[in-house]
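Please examine the sequence and the three-dimensional structure shown below before reading the report.

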Amino acid sequence: MTETTSGPGSDRDADIVCRQVRKVYNANGRLLEAVRNADFTVADGEFVALLGPSGCGKSTLLMMIGGIESITSGEIYAGGEPVTGPRREFGIMLQDPTLLPWKSAMDNVMFPIDMMRLSRRQYMDRALELLHTIGLAGFERSKPRELSGGMRQRVAICRALISDPRVLLMDEPFSALDAMTRDEMNILMLDLWETYRKTAIFVTHSIREAVLLSDRVLVMRDRPSTIISDTSIPFPRPRSIGLGETPEFNELCAMLRDLIEVARSDGAAQGGAAS
Amino acid sequence: MKDQPQVLPVEGSVIEGPGRYRRRLTALSRQALLAAVLPIVTAVTALLVWELLVRQSGIAHSILPPPSAIFDKLAGFLGLLLKHAVPTTYETLVAFAISIPLGIVLAAIMIYSPPINRALYANLVFFQLIPKIALAPMFIVWLGIGAESRVAFSIFICFFPILISTVTGLQAVDRDMLRLCKAVGASDLQVLIHVRFPYSFPYIFAGMKVAVTLAIIGVVVGEFIASTEGLGYLILFASSRQQTDLGLAAITVLCVVGLMFYALVVLSEMVIEKFYGSH
């Protein structure tokens, strides 16, 4: 279903463009197709969720967009330029906070600046501001072991934002957190969005999270790993967590759930026939 | 009682002080006491049994001297023992000090160069398996009877554990961390210095703990084969003259030297752990 490209976000104002992106792994002689013909665009300043079951290749797709994984075939453009490797204009968040345990919260936030050999002094104030905005004032000197899971992921958010990237790539950043902390992080994400509006791709397997946070939801299926739908989320911003209580919100969630369910039973039937 | 007890209280005794502090201390001290006292009691008992058995059985002191005779020799020949301890300690220190950077640098090269890794790794594992002690006489042939051959042989047997454990440690960094490094554009050298190396400290120290005892073994074996000084030479000299008590006194000094080196490694690990530990 490649017709999905003609959905919201035309090429003209597109920031991220994926054209027939495919990823094939060689796993001990067996070829595994992790992503098949992903074809979509993300407009400048748009928040897009990539929603799908575990292992459907959505993280691989995100890593290809980030220039961390190689592309087997197809093309990816960011800001009009082809992506061939990691780019400074990308900020990245992974499922684990991946903080260096011996560095303070502050130094972990500054890690990209250190690695990019940028002036520490120049970004120090921004790091402090980010840590304050995100509710970690007073924890600048704390080591990761002294922080809770949610606080660690907050540090990771600051780290992703420190170099003022144009694009944020997030790979299930809250899926390892407990439900309450996750809600808290979603609220935080909505607030941050109002402050630092950026182009964002957010990988998740939570339907509610995808609908709450994003402007568009791309549903990805498994076997074959491909994008099957592109849904606009019409709710106005600023949004609050209360949005999740509205019937419109739940209708959208139900619709997406149906899509995933159909794809799954379809995939199971195909998978059974293939093997 | 005029003076308050300064040491940890024996079971049941009470230290004067705030109740909360006292309770914590007694609970802590009971465990600490058990942990510290039991091994000492065991060792002292063993020495006493040894002393008694030797005295009762009338076994010749040249075969098995009692601990008291060894202590006598230790006190009487302390100057001689220390004189011989110096070259052994020095050569061990040099060998160990060379092995650490050698093992770590080679490990880093192997991690970053897959061809070198492939070329070396299987051979290194093979080298690990051969009884390296058997090569000691060859080092004398190659490098003479001076300190060089002993230091070289000591490096030869003690740098492998450091190399192997460092390789393991450098590879132990999780995939997401490496992805993050890649995403922020960190160079290989930056990743090595800022991420891989600090993450591998526990592995490196585990290797160093094995290596430090091997370093001493290497030097002593070298001294056994050809030397005119050192504790290994003294042990060989004493046993050839049936001065078993002097030999055992030299071994005691050797144990102390070994413990010192081990303590040095543990101490540096504690310092590093303070800055780089995750707990």
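**Aromatic pairs**

The structure is a predicted model. A search of the whole structure finds 18 aromatic pairs over all chains. In one of these pairs, the ring centres of B:Phe201 and B:Tyr276 are 5.2 Å apart and the planes stand at 75°, so the pair is edge-to-face. The reasoning rests on a cut-off, because planes over 60 degrees apart count as edge-to-face. B:Phe201 belongs to helix H9 (residues 201-225) of chain B, and B:Tyr276 belongs to helix H11 (residues 244-276) of chain B, so the pair ties together parts that are 75 residues apart in sequence.

The accessibility of a residue is judged by two limits: buried means under 20% relative accessible area, and exposed means over 50%. B:Phe201 has 12% relative accessibility and therefore counts as buried. B:Tyr276 has a relative accessible area of 32% and is partly exposed.

**A nonpolar surface patch**

With 56% relative accessibility, B:Trp142 counts as exposed. Together with B:Met138, B:Val141 and B:Leu143, B:Trp142 forms a nonpolar patch on the surface, and the accessible area of these residues together is about 440 Å².

The table lists the relative accessibility of four residues.

| Residue | Relative accessibility | Class |
|---|---|---|
| B:Phe201 | 12% | buried |
| B:Tyr276 | 32% | partly exposed |
| B:Trp142 | 56% | exposed |
| A:Asp215 | 19% | buried |

**A sheet in chain A**

Strands of a sheet pair through backbone hydrogen bonds, either parallel or antiparallel. In chain A, four strands form an open sheet in the order E2-E1-E4-E5, and the pairing is antiparallel. Strand E2 (30-43) and strand E5 (81-82) of chain A are the edge strands, since each pairs on one side only. Strand E1 (residues 14-27) of chain A is joined to E2(A) by 10 bridges, and the two run antiparallel. Opposite A:Leu31 in E2(A) stands A:Asn26.

Where is A:Asp215 found? A:Asp215 lies in the loop between helix H7 (207-213) and strand E9 (216-221) of chain A. At 19% relative accessibility, A:Asp215 counts as buried. The side chain of A:Asp215 is joined to that of A:Arg237 by a polar contact of 3.0 Å.

Technical notes
Residues numbered from 1 in each chain as written. Chains lettered and ligands numbered in written order. Predicted model: local features only at pLDDT ≥ 70, side-chain atom pairs only at ≥ 80, totals over all residues. Heavy atoms only, no water. Phe/Tyr/Trp six-rings, centres within 6.5 Å; stacked < 30°, edge-to-face > 60°. Buried < 20%, exposed > 50% of the residue type's maximum accessible area, 1.4 Å probe, protein only. Patch = residues over 30% accessible without salt bridge, like charges linked within 9 Å, V, L, I, M, F, W, Y side chains within 5 Å. Areas by Shrake-Rupley, 256 points an atom, 1.4 Å probe, with all protein chains shown as cover. Salt bridge = Lys/Arg side-chain N within 4 Å of Asp/Glu carboxyl O. Pairing = 2+ DSSP bridges. Polar contact = N/O pair within 3.5 Å; in protein donor to acceptor, adjacent residues only side chain to side chain.
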